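Me: I have a structure open and would like to talk through parts of it. Could we begin with one of the strands?

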Amino acid sequence: MCGVVGIIGSPYSAQEAYQGLLLMQHRGQDAAGILSLESKNNNYHLHKDQGLVDTVFNKDNLYQLRGEIAIGHTRYSTIGVSELKDVQPQMINYPYGIGLAHNGNLVNIQELKENLKNEKNRYIYSDNDAETLLNIIAGELADSEKEENFSVKDMARAVSKVYSSAKGGYSVIGTIAKKGFFAFRDPNGIRPLIFGKRDLTEEEKDKSSFKESYCFASESNTMNYLDYDIIRDVRAGEFIFIDFEGNVHSEQLSQKKHTPCMFEWVYFANPDSVLDEENVYASRHRMGEFLGKKVKELVNEGFISPDVVVPVPETSRISSISLSETSGVPCRELLIKNRYIQRSFILNTQKSRERAVKLKLSPVAQEIKGKNVLLVDDSVVRGTTSKRIIEMVKKAGAKDVYFASACPPILNPCFYGIDFPHKEELLAYQKSLKEIEHILGADKVIYMSIEELKAALKKKNACMACLDGNYPVDVSAGQEFNQSRNSKGASANGDIHARAY
């Protein structure tokens, strides 16, 4: 999972992209990059590096990123060895000069690489899907490389090639020298992408050849902050092209069942964002209400007797509050977070995730001692963090510790951009509730059901393959996909890691 932001029209496009990336830092903490393009002289400028957004960029290198077009990317990498060659945006000089960044994952990546090598004589340098997507597009555009022959239809044809060959979930933004800006979303709309518009000020118009500026981003709160009026979500299978005259071209190239990833609402997205017309905060609040009803029933039936509800910071706070309101059990912030520690779910290795738990949370022992504690988290994937927190709370003196998850049991691997590609790593895989409770050390584990989650999200067609095994996109190449990940992981401390996204 990554975050992307694209700007076309603003004379301060790179600065806006930088601010947008800061707001999406939670979507990737490994690396960041911005590519800018000057429409008048068609000069590209690129800066990218490993690290957090505010460490990668400074006043000097942002000043060098001139132009009315910018595409930015913040990277969520779970590859064993992180390398600069995998950091986005990616560029290619033939034909035209194309830059691209994407959020998502390609299941059949090995097949695509082989086809590019054998059929197009194009060799992929990095381990990033973005370079493969870039070469698919460039290979199709090469047939119309003469400037006078290029048309939006040529670009649409290239994107159609991506749709017909690339299996997975992806949202893509990019730019073509002398031509314009493009964006598209996978045929099932698994990965999010939103676009908006704002009028330029008179001062900005003096510095830009555009009258309006357009923004594309993974989350809506980015546009709200940058003062863009949200037009809508990019539709599943939709291709959008904005030329240097500011004309917006849109074409529906593929029409399949829209299945946005449920994990955006459960965990990844900012609570103040709206994705596919559904507010993240409201969704998480409803999750807590459903959990609260379950807790109330268990209390009435005598199975549990919680004295206090304690959210596991920070994503679960909203659900914890509504759970408390529904069940009548008071909610208290008794796990204090060290805000300078990365989100443990997206750290590179299992060992680093385990160490991070010890650093990032401190229990308020005086308030916990002698009480029955109901911990609430957004989800349980591997169970590493949950187990350590339960141990921590019991060590602080809790009597019984119950654990509630706002997401149903995760039983299947994800191939579309969330980092759990191996079913054997999943806590709930082939285990009963009693076995899960034993592994975690919890006195009771409470899960939401899939139907309750659908109702909370108000998304009957959301991708829930990790819960129910119903994959909206072919994952027959999944075994080869996982083998490539295993080979990557073998190079770093013997742990299993995923590719770069």
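Me: Which residues of E2 are buried on one side, and which on the other?

Reply: This is a predicted model. In it, Ala31, Gly33, Leu35 and Leu37 are buried on one side of E2, and Ala32, Ile34 and Ser36 are buried on the other. Both faces of the strand are therefore covered.

Me: What about its partners? How many bridges join E2 to E3?

Reply: There are 7 bridges between E2 and E3 (residues 44-50), and the two strands run antiparallel. Within this pairing, Ser36 lies opposite His45 of E3. The two strands form a hairpin with 6 residues between them, and Asn42 in the turn has a positive phi of about 55°.

Me: And how does E2 run relative to E4, parallel or antiparallel?

Reply: E2 and E4 (residues 69-75) run antiparallel, joined by 7 bridges. Ala32 has Thr74 of E4 as its bridge partner.

Me: Changing topic to helices: at what angle do H5 and H6 pack?

Reply: H5 (residues 129-141) and H6 (residues 152-165) pack at about 135°, and their axes are 9 Å apart. That angle makes H5 oblique to H6. Their crossing is right-handed.

Me: Which residues of H5 make the contact?

Reply: On H5 they are Leu133, Ile136, Ile137, Glu140 and Leu141. Those on H6 include Asp154, Met155 and Arg157. By class, the contact has 7 nonpolar, 1 polar and 4 charged residues.

Methods:
Residues numbered from 1 in each chain as written. Predicted model: local features only at pLDDT ≥ 70, side-chain atom pairs only at ≥ 80, totals over all residues. Heavy atoms only, no water. Axes fitted to C-alpha atoms, helices over the stretch in contact; angles between N-to-C directions. Helix = DSSP H or I, 4+ residues; strand = E, 2+ residues; numbered from the N terminus. Parallel < 35°, antiparallel > 145°, perpendicular 65-115°, else oblique. Left-handed = near helix turned anticlockwise from the far one by under 90°. Contact = heavy atoms within 4.5 Å. Nonpolar A, V, L, I, M, F, W, Y, C, P; charged D, E, K, R; others polar. Buried < 20%, exposed > 50% of the residue type's maximum accessible area, 1.4 Å probe, protein only. Pairing = 2+ DSSP bridges.
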